[in-house]
Structure formats: C-alpha cells, structure tokens
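This report describes selected local features of one protein chain. The sequence and the structure are shown first.

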Amino acid sequence: MTCKQCELVYNYSVNDEYFILGFVWENPIPKAGQFFMLKPLRTSVFLPRPIGIFEYIPEKKIVKFLISRRGRGTIELSLLNIGEKVQLTGPLGNCWADFLPENGLEKGKAALVGGSAGVAPLAALVAERSDYNFHFYAGFRQGFREKEEEDAILGAGIKAKKVIITAEDGRNALIGLITDFIIDLESFDFVFGCGPMPMLHALMKKCEIKNIPCFLSLESRMACGVGACYGCSVHTTGGNRRCCKEGPIFPSKEVIFNV
C-alpha cells in the first residue's frame, strides 16, 4: 500500500451519470478487485472516496477509475482539471485472483455480474485474465444513448466470451434486472458479483439454490481504507469484518444481508 499525490492525466465524462479518471501510477501494481482511496487536494469534503480499479495500463503506468456521480465528493472528482493533484492511497483490499482456480479455461466458464459502476472491477478482471472463459452480465437503471457510452463504461468487459446488458428502462438493452437473465447458472463453475446490495443479495440466493460458488465485492462507507477505524464493518457468519481490510471481496455464503 502506497500513499502519494498523483497528477490527473485523464478525465472523460461518459454521460450524465458516469465519468472516468486516470492517473499515473507505477508501483505497487494494482490487481483487479482492489481499490484506492481518492482525495483531491482541492476539496470541500473531509474523507477520501473508495473507488475500485477499472483499468490498469502497464505500458503507460496509468490507473483508471469508472465513477458514478453520487454526491458532493464524486461530483468534485468529476470537475477536476487535467494536471490537478489527487492523493491516492492503495492499492487496498483483496483481489479477484485470490478466489480464482489456477487452471483457467480448463475449469470451464465463470459468470461476472455487475450492476451500475460495479461493472468496473469485473471489467478489470477480464483485462487481467484473458485465459478465462468469462461471461459478462451488466445491469443498469438507464440504457445507453450511444454505442460509445456502452463501450466506455464496460471497458475490457466487452472482450468477454459473452456479454449481456440490461437496463430497467430497456433503452438499447434488454429490459429488466440483470439477475433475471442469469438462467443457466448450473453451467458456470463460479460467479463473481459487484454492485448494489439488492442485486448482490438476489445473486447470492440464485447461486445458493444451484450450489454454485459465488464471491461478492461489497460496498461500504469507508473513512480510512486501511482497517484502522472499523467504520466499514460488514456482517458475516464469522462476525463483523472490515470491508477495506478483509474484503472488499467475500464468499457469498459468509455474507449476512440485512434485508
């Protein structure tokens, strides 16, 4: 884990909801599933924002983040100018590779299920491990107006063996919730999910019925990002665990949802 001031080299507004930031970052090399704490030097908020890795470009030493405009902190990030400095702390947390079988394609296929900006850590995994047979399921509230928006938000996810996109409004996508379109779970060897908690809960229940190994990247409000404050604790069968330190990825069978 490293903490340093990084210069913003890329700020692309995809649409009204999503934008992508890029920073020069050399070491330590981040892994798909990990996250950084981002805090601009020019900010009105006290706490940094935890953001999952969307893409790492080794040859350019650039790490990118797909971010949804949710509140004052993320809106401030979206308004940063190229050349401004942001304090990056990371990479933090565990990674998808910690839960992957080592024999890649010989193991069969895996379902990657993302909701909203939760597609970002899964797209990073597709880029990181091209030896796997990934099927990418991406769900959104609103469909995309242009193909360029879809390509930008899915990133490397569009390179998966199969891609299914849904939107609750049905615009340029299948209409409905993404979990309703995962109908052949028994054909997958394992499932990775990242997104809103209701989606993750529905995904866990489906995998539980079919007895398919499932691993979930959880979202939680974070203050420090390094496990010192216990402010991001999540309920598990092993007691309260820190999302930033023991997670953010947990086996679904260990997660207790408050629903």
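## Backbone features

In this predicted model, P248 is placed in the loop between β15 (239–242) and β16 (249–251). The peptide bond that leads from G247 to P248 is cis, and its omega is near 10°. A cis peptide bond also joins G90 and P91, with omega about -5°; P91 belongs to strand β7 (residues 85–92).

Two residues other than glycine have positive phi values. For K61, phi is about 55°. K61 sits in the loop between β5 (55–57) and β6 and is partly exposed, with a relative accessible area of 32%. For Y230, phi is near 60°. Y230 is found in the loop between β13 (214–217) and β14 (233–236), and this residue is exposed because its relative accessible area of 52% is over the 50% cut-off.

## Aromatic pairs

The whole structure contains 13 aromatic pairs. One of them is formed by F36 and F65, an edge-to-face arrangement with 5.6 Å from centre to centre and 80° between the planes. Because F36 is part of strand β3 (residues 35–40) and F65 part of strand β6 (residues 62–68), this pair ties together parts that are 29 residues apart in sequence. Both F36 and F65 are buried.

The pair of F190 and F192 is tilted, because the ring centres lie 5.2 Å apart and the planes meet at 50°. F190 and F192 are likewise buried. Ring pairs also join F190 and F192 with W96, F99, Y132, F134 and F215 in a cluster.

T166 is located in strand β10 (residues 162–167). Is T166 buried or exposed? T166 is buried, since its relative accessible area of 1% falls under the 20% cut-off.

The side chain of T166 reaches the backbone nitrogen of I178 at 3.5 Å. Leaving aside residues up to four places away in sequence, T166 touches A138, G139, F140, A173, L174, G176, L177, I178 and F181.

## Nonpolar surface patch

V9, Y10, Y12 and V24 make up a nonpolar patch on the surface, and their accessible area together is about 290 Å². Which strand gives the most to the nonpolar patch? Strand β1 (residues 2–13) does, with three residues.

Y12 lies in strand β1. With a relative accessible area of 33%, Y12 is partly exposed.

Technical notes. Residues are numbered from 1 along each chain as its sequence is written. This is a predicted model: local features need pLDDT of at least 70, side-chain atom pairs count only at pLDDT 80 or more; totals for chains, interfaces and linings use all residues. Side-chain values use heavy atoms; hydrogens and water are left out. Helices (H or I, at least four residues) and strands (E, at least two) are DSSP runs, numbered from the N terminus. Buried means under 20% relative accessible area, exposed over 50%, partly exposed in between (1.4 Å probe, protein chains only). A polar contact is a pair of N or O atoms within 3.5 Å; within protein, one must be able to donate a hydrogen and the other to accept it, and residues adjacent in sequence count only if both atoms are side-chain atoms. Contact means heavy atoms within 4.5 Å. Patches are made of residues with over 30% relative accessible area and no salt bridge: like charges are joined within 9 Å, nonpolar side chains (Val, Leu, Ile, Met, Phe, Trp, Tyr) within 5 Å. Accessible areas come from the Shrake-Rupley method with a 1.4 Å probe; for residues, only the protein chains shown count as cover. A salt bridge is a side-chain nitrogen of Lys or Arg within 4 Å of a carboxyl oxygen of Asp or Glu. Rings of Phe, Tyr and Trp (its six-membered ring) pair if their centres lie within 6.5 Å; planes under 30 degrees apart count as stacked, over 60 as edge-to-face and the rest as tilted.
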